[in-house]
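Here is a short report on one protein model. It takes a few elements in turn and looks at what surrounds them.

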Amino acid sequence: MEQYKKEFIEFMVDCKVLKFGDFTTKSGRRTPFFVNTGFYRTGMQLRKLGEYYAKAIQNKFGLDFDVLFGPAYKGIPLSVATTMAISEFYDKEIRYCSNRKEVKDHGDTGILLGSPITDKDKVIIIEDVTTAGTSIGETMPILKTQGNVDVLGLVVSVDRMERGQGSKSALAEIEETYGLRTTAIVTMEEVVEHLYNKPYNGEIIIDDGLKSAIDSYYEQYGVK
C-alpha cells in the first residue's frame, strides 16, 4: 500500500472522520463503520484533505480536465480545497463548481456556485463516500443541463466496496450506468488492512470483535 494511503487512513482517524460503531447510511443500511467528511473542520485539515484528493485524481485521471464539481453540500468544500491543492502542488488551474439545493432567482442567479460549466468542458465529480450510488443520479442531470459537457469520472475519499442497487459494487454500477471512471483515495479493504490489530496512538482501532462485525456487514452487502 502506498505511503500516502496509510497517512490518509490515520488522518481520517485523527480527524474523527472515520468512525466505528452502529450507524445507518443514506441508503438505509446499518453499518459498523461510517465516514463523515463534515468532521474536517479546520484550515489545516481541509488543506491536507485537498492534497490527498489531488493525489488520487492525478494518479487516476491525470490533470487534463477543466472543472471539479462538488455536489451540495459536502462537495462544496471538497471541490474548493482540492482545486487549491492542484494549483499549489501541480501548478494547474482547475475551476471549482458546486450546485445549490435551491435555484436562486436574484443576484448571482441559477443553480451553480463557482465557475459556470459550458459546452466541451471536461468535468470530474468529487464526493465524500458513495454507498449505493444514489447521489450520483441526482448530480448527473444537473451537469448535463449545463451543456454538452464531458463528465470524465468520480473521485471519492473512501470506496466502501459494497453493492449498489444490484449485485455489483456501487462504483462499478456508476461506471456502467454513466460511462464514468471512478477512483478513491483508499478502499475499506485498505483501511482494515492498515488498522486491524495494529496499535495506532496507543490503541487498537479495529480489534477482533470489530473485524467480525465488518466481515458480517460485507457478507450481507459486499460484492459476491
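## Helix α6

In α6, the buried residues are Met188, Glu190, Val191, Val192, His194 and Leu195. Buried means under 20% relative accessible area, exposed over 50%, and partly exposed in between (1.4 Å probe, protein chains only). Helix α6 spans residues 188-195, and six of its eight residues are buried, so the helix is mostly covered. Helices (H or I, at least four residues) and strands (E, at least two) are DSSP runs, numbered from the N terminus.

What covers these buried residues? The cover includes α1, β1 (18-24), β2 (30-35), β8, β9 and α7 (208-221). After α6 comes Asn197, with a positive phi near 55°.

## About the model

This is a predicted model: local features need pLDDT of at least 70, side-chain atom pairs count only at pLDDT 80 or more, and totals for chains, interfaces and linings use all residues. Residues are numbered from 1 along each chain as its sequence is written, and side-chain values use heavy atoms, with hydrogens and water left out.

## Helix α1 and its partner

α1 has twelve residues. From first C-alpha to last it reaches 17 Å, close to the 16 Å expected at 1.5 Å a residue (the expected span is 1.5 Å times one less than the number of residues). Its buried residues are Tyr4, Lys5, Phe8, Ile9, Phe11, Met12 and Val13. Just after α1, Lys16 takes a positive phi of about 60°.

The axes of α1 (residues 3-14) and α2 (residues 43-61) come within 11 Å and cross at roughly 145°. Axes are lines fitted to C-alpha atoms, for helices over the stretch in contact, and angles run from 0 to 180 degrees between N-to-C directions. On the α1 side, Tyr4, Glu7, Phe8 and Phe11 make the contact. On the α2 side, Gln45, Lys48, Leu49, Tyr52, Lys55, Ala56 and Asn59 do. Contact means heavy atoms within 4.5 Å.

## Strands β8 and β9

Strand β9 covers residues 181-187. Five of its seven residues are buried, so β9 is largely enclosed by the rest of the structure. Strand β8 (residues 150-159) runs parallel to β9, and six bridges join them. Strands pair if DSSP finds at least two bridges between them. Val155 has Thr183 in β9 as its bridge partner.

## A buried glutamate

Glu127 sits in the loop between β6 (122-126) and β7 (129-130). Is this residue buried or exposed? Glu127 counts as buried, because its relative accessibility is 5%. Leaving aside neighbours within four places in sequence, its contacts include Tyr53, Pro71, Leu78, Leu154, Val155 and Val156.
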